[in-house]
Every structure is written in C-alpha cells, then in structure tokens.
Amino acid sequence: MPLRHIALALLVVAIWGFNFVIIKLSVEALPPILAAGLRFVAAALPAVLFIRPPKTQWYYVVGFGLAFGFALYGFLNLSIAWGMSAGLSSLVLQTQAFFTMALAFVVLGERPSRFQVVGALIAFAGIGVIAVERLAATAILPLGMTLLAALSWGLANVLTKKAGRVNALAFTVWGALAAPVPLIGLSLLVEGPRAVLDALANFGWADAGLIAFLAYPATLLGGAIWSWLLGRHPATVVAPFTLLVPITGLLSGYLVLGETITSMEIGGAVLVIAGLLVTVLRGRPVEPGVRLD
C-alpha cells in the first residue's frame, strides 16, 4: 500500500475518532435516530443535485447507504444515547475490521491469513472482557448495539468493494441519499412525532454545527476516501487501519467530555488493540490477482 494511501487512511481514522465526541453531543441535543437522519440529509442534499450517480449497479449504492447510514448510525447513535461512552464506542466499533474479514471471505473470497485469524480471536477476547464489565454495570444492551453497528459497517465495506472502482465521492453522496427516509421514519415511529417536531422547532446554530461536522468531514470526506481506498485494495488490508480510531476516540472523549473507563475496560481495550496490531503488522491477505500499488 503506497505511503500516500496510508496517509489518507490515517486522516480518515483521525476524523472518525473525534466523530464519536460529536455523536455524543448530538444525541444529547437531539433524539438520537433523528440526529442520524439529519446527518444524512445534510450529506446527501444538495450534493446529489451536482454530482452524477456512480457508474455501478444501483443496488450496491442503495445497499451501502442502508448499511452505512441507516443500520450503522441507527445502532451507534442509540447505543451512545443509552449509555455507551464516546471513547468506548470508538473502541468496540473497530471490531468492524474482523466482521469485514469474515464477510469478505464469504462474499469476495478474500482469505485472511493465520495472523489475521489470531488477531481477530485476541480482539474478540477483549470485547468479551468489556462485555463482562458492561454486564456488571447493566449496560450490555448498548454494547450489543455497538457490535451490531460494527457488523453493519463490515457489510458496508464489502458492498463498497463489490461496487468496484467507482467515483468515491459520488458513491458516498448517492449512498447517503438512501439513509434519511428510513431513519426519519424510524425516528417518528420510535421517538414520536412530538419529540421530532420539538427538536426541529428548537434547532439552533449549535445543533447545525454538530450536524455539519457529522455530514461533511465525518461522512462525505471520510466516507469518500474510505470508499476510494476500498476500491483499490483488498478489504482485509484497508479495514484494519481503523486501529487508530480508538486512540483518537478515547483521547477526544477524555479531553472534551471528561470520560473515564474502568481498569477492566482498559484491559479489554488493550486486547482489542493487540489483536488489531497482529492483523496490521503480520497479516498477509491471500487474494491472487489483486495489485497493491
């Protein structure tokens, strides 16, 4: 993987680490599912009026939008609203790298190396440690929701890979268009029309700033670069670069929100990061015919 591609991947994970702090602030200011819906309204409009649809099958675009927009951020926003800290969410969500590997093996035929399998087992042991601690604190449901968000992200990664080398920005923008209607519909159903109308009536500049960050740097810029990388490298190579998201996420949560995690959760975090390190440093995906330059 060229150095410039690695630099782009690092830029994305830095943005996505801070993204969890902004999500936390947004779900405190707005109903969580509505906040996700507004994020993708802003990401899709008015950009779709100026950007041509990507040259790929429409069902990959819609599937990506539903997996990355509706499912990922529906689950993630609810998990954070229900008690997951921003920093811990940034850590647990990185299990998407291993969901991506599993789905890429089944769907794309990308066989993980033995180091990637070992790394996955170590990381999931860390998630198990965190789960024990969360269960003791009666917060297992938010943890489970975050894992479902990670699975959704893995699915979005595989759909991006299946779409091939398309215009990454167009793929992200038009994919984002698939998310707002189901998210806002679910918000009306679950959070209620009164909560939605009250939130929109009291929507201010601070709320707009939160949604703008979530829509533009975190969704459009980050998503477009990520899709571009996935179109040029095996999913098993790109996905583990989110290793650094927990570092920036935990640091941002500590500095901005004053969050803390328990010593047991720190131990689980170390296992997750160790598993990801094994994957990144020793993994060699087996995918004949794919060039990495």
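1. Helix 3 crosses helix 7 in the left-handed sense (left-handed if the near helix is turned anticlockwise from the far one by less than a right angle, right-handed if clockwise). Their axes lie 8 Å apart, at an angle of about 165 degrees; axes are lines fitted to C-alpha atoms, for helices over the stretch in contact, with angles from 0 to 180 degrees between N-to-C directions. Helix 3 is therefore roughly antiparallel to helix 7 (angles under 35 degrees count as roughly parallel, over 145 as roughly antiparallel, 65 to 115 as roughly perpendicular and the rest as oblique). The contact residues comprise 18 nonpolar, five polar and one charged (Ala, Val, Leu, Ile, Met, Phe, Trp, Tyr, Cys and Pro are nonpolar, Asp, Glu, Lys and Arg charged, and the others, Gly among them, polar).

2. On provenance, this is a predicted model, in which local features need pLDDT of at least 70 and side-chain atom pairs count only at pLDDT 80 or more, while totals for chains, interfaces and linings use all residues. Residues are numbered from 1 along each chain as its sequence is written, and side-chain values use heavy atoms, with hydrogens and water left out. Helices are DSSP runs (H or I, at least four residues), numbered from the N terminus.

3. Helix 1 (residues 3-29) and helix 3 (residues 58-81) have axes that come within 9 Å and cross at roughly 70 degrees. The two are therefore roughly perpendicular, and the crossing is right-handed. On the helix 1 side, N19, F20, I23, K24 and V27 meet Y73, L76, N77, I80 and A81 of helix 3 (contact means heavy atoms within 4.5 Å). By class, this contact has seven nonpolar, two polar and one charged residues.

4. Helix 1 also packs against helix 11 (residues 205-230), at an angle of about 150 degrees and with the axes 9 Å apart. This pair is therefore roughly antiparallel, and its crossing is left-handed. The residues of the contact divide into 21 nonpolar, five polar and one charged.

5. N19 is also the site of a bend of about 25 degrees in helix 1 (the angle between axes fitted to the seven residues ending there and the seven starting there).

6. The peptide bond from L45 to P46 is cis, with omega near 5 degrees, and P46 sits in the loop between helix 2 (32-44) and helix 3.
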